[in-house]
Amino acid sequence: MVWETIIGIEIHAELKTNSKIFCNCPTKFGAEKNKNTCPVCIGLPGTLPRLNKETIHLAIKAGLSFNCKINNFSKMDRKNYFYPDTPKAYQVSQNDKPICFDGFVDINKGADCVNRIRINRIHIEEDAGKLVHLEREPHTLIDYNRAGIPLIEIVSEPDLRSPTEAVEYVKAIKNILMYQEISDCRMEEGSLRCDANISIRKKGEYKLNTKVELKNINSFKELQKALENEEQRQKELYINNQMDKVMQETRRWDSVKGKTISMRKKEESQDYRYFPEPDIPIITIDKSWINCIKKQLSEFPNERKIRYINNYRLKEKDAELLTSDKALGNYFEKIVASGADPKTTVNWILGDFLKLLKANEISVDQVLIKESDFAELINLIKREDISQKIGKVVFKIMFLTGKRPKVIIEEKGLKQIKNKDALEKIVNEVLTSNTNPVNDYYEGKTQAIGYLMGQIMKETNGQANPQLSKELLLLKLSCKEYLPIHNNDEQ
Ligand SMILES: [Zn+2]
């Protein structure tokens, strides 16, 4: 039996506004618990919300970025449910008149092939507070700093066909949100979270089977694992004729146990008893506002990719990787603007730089190396002031300390040995103490050169100028001055 997986994703992204959606409290992450609160955002009776215009502005921007239509009239609704982190016992959201609807995002599949994922709607709503469960304590604490931070919810159609596609989709959305500065998308801080709806059916069937919702996943890795696990769980239930056990429910991904766990039966829309929010007037969005925002849209990842291929003659795959993170692309461009060769820069960035970034678990904006210093290192290697190998050592120190390459080379005495007399002395020493490889060479085994070069580098801690060393080595060997003497010595 061939099965088909059907996935739809809801993404919650915190908008990059300075203040909350209905009050003037700041939105900055990491403040002292319950510091960013006021009577409005902790839901005290008698307070009145005032809708933050910047929220609508960014929601329209998101809509335009994802090819949506924009509703000229939109409204807020109350979604009624009780949860301790929602102090009003309702969330102000949008039900039947979202700001944006009917959009799509294209995911590149290489070689002019795209996978178009339809977006059903994008609406605005307020975020809830955060429950803090203390270990071995009977109490749960609540931090309302997050309550009232504006969110957009981006709801896809069930167009995704595998966990991998779902991850690609969320990555594409995240990238565009960051390029357009709509959200900072810090998944680790919870400013981008996703829920996934997943069901399976026999390949060729049209009807959708019961779907299960996986809640609040905040990393790509966990999303992939959670979906794969749930896909397998459902498959096994269908195969064993236990389809009645696939219920419309909300499940939580337990990354430690590596499985999804039932949380609650999924509420139907009517359970929320939506009704129009009486304290907020209808939102009117005229064409001129939309046009004005359209003009403010900046470069999209795809546009940047094409520019990199055309301007810097980069390979498509490299351009794709560089543009998968706006900050990484910005960093690359500044290094090139400081005078480094673009292709060499790409090799450094996609090689040693990303490796160190990953190993140290930091993001591009936390990197200590200044773009001009990065360019300087590349040019020092190009001018053969240092070898590529030493360059890697210097780079690592730059990454850890933020020091300039010239300072590190000076401090550690890493400058390349280009002096002919000094190198000749080392070459002589290496030839004298490696008689067997030398004899091999004279017997026609030319690969012995590689070994001898390795010995020269070893003697000089990698500081010998490779080209000059090789020239000297070949010159000495061509005179055969090491052949008879050492053969005689050994006999
Ligand atoms: Zn407030």
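**Zinc site, sheet and cores of a predicted model**

At a relative accessibility of 11%, Cys 23 counts as buried (buried means under 20% relative accessible area, exposed over 50%, and partly exposed in between, with a 1.4 Å probe and protein chains only). The model is predicted, so that local features need pLDDT of at least 70 and side-chain atom pairs count only at pLDDT 80 or more, while totals for chains, interfaces and linings use all residues. Residues are numbered from 1 along each chain as its sequence is written, and side-chain values use heavy atoms, with hydrogens and water left out.

Cys 23 (SG) coordinates the zinc ion together with Cys 25 (SG), Cys 38 (SG) and Cys 41 (SG), at 2.3 to 2.4 Å. Donors are N, O and S atoms within 2.8 Å of the metal (3.2 Å for Na, K and Ca); water is not among the atoms, so sites may look incomplete. The four donor atoms subtend angles of 101 to 115 degrees, and the arrangement is therefore tetrahedral (for four donors, all angles between 85 and 135 degrees). Ideal angles for four tetrahedral donors are 109.5 degrees. The spacing of the donor residues in sequence is C-x1-C-x12-C-x2-C. Cys 25 and Cys 41, 16 residues apart, both lie in the loop between strand E1 (3-14) and helix H1 (53-65); helices (H or I, at least four residues) and strands (E, at least two) are DSSP runs numbered from the N terminus. Cys 25 is buried, with a relative accessible area of 7%, and Cys 41 is buried at 9%. With a disulfide taken as a pair of cysteine sulfur atoms within 2.5 Å, the count comes to zero.

E1 is also part of an open sheet of nine strands, in the order E2-E6-E7-E10-E1-E11-E12-E13-E14, with mixed pairing. Two strands pair if DSSP finds at least two bridges between them. Strand E2 (69-70) and strand E14 (259-265) stand at the edges with a single partner strand each, so one side of each has no neighbour in the sheet. E1 pairs with strand E11 (residues 192-202) in the antiparallel sense over eleven bridges, and Ile 11 stands opposite Cys 194 in E11. Strands E8 (residues 130-133) and E9 (residues 140-143) are antiparallel over four bridges, with His 133 bridged to Thr 140 in E9. E8 and E9 form a hairpin with six residues between them, and Arg 136 in the turn has a positive phi of about 55 degrees.

The largest nonpolar core holds 70 residues, of which Ile 9, Ile 60, Phe 66, Ile 152, Ile 154, Tyr 169 and Leu 177 touch the most other members. Such a core is a set of buried Ala, Val, Leu, Ile, Met, Phe, Trp, Tyr and Cys residues joined through side-chain atoms within 4.5 Å. Helix H2 (residues 163-179) gives the most to this core, with eight residues. Apart from this core lies another, of 35 residues, including Leu 328, Phe 353, Ile 369 and Ile 408. Beyond its neighbours within four places in sequence, Tyr 169 has contacts (heavy atoms within 4.5 Å) that include Ile 9, Ile 11, Ile 154 and Ser 156.

Most residues other than glycine have a negative phi. Asn 241 has a positive phi of about 55 degrees and lies in the loop between helix H3 (220-239) and strand E13 (249-254). Asn 241 is exposed, with a relative accessible area of 61%. Asn 461, with phi near 50 degrees, is in the loop between helix H14 (448-459) and helix H15 (466-478), and is exposed at 60%.

Notes
Four donors count as tetrahedral if all angles lie between 85 and 135 degrees; four count as square planar and six as octahedral if opposite donors are over 155 degrees apart and all others between 65 and 115; anything else is irregular.
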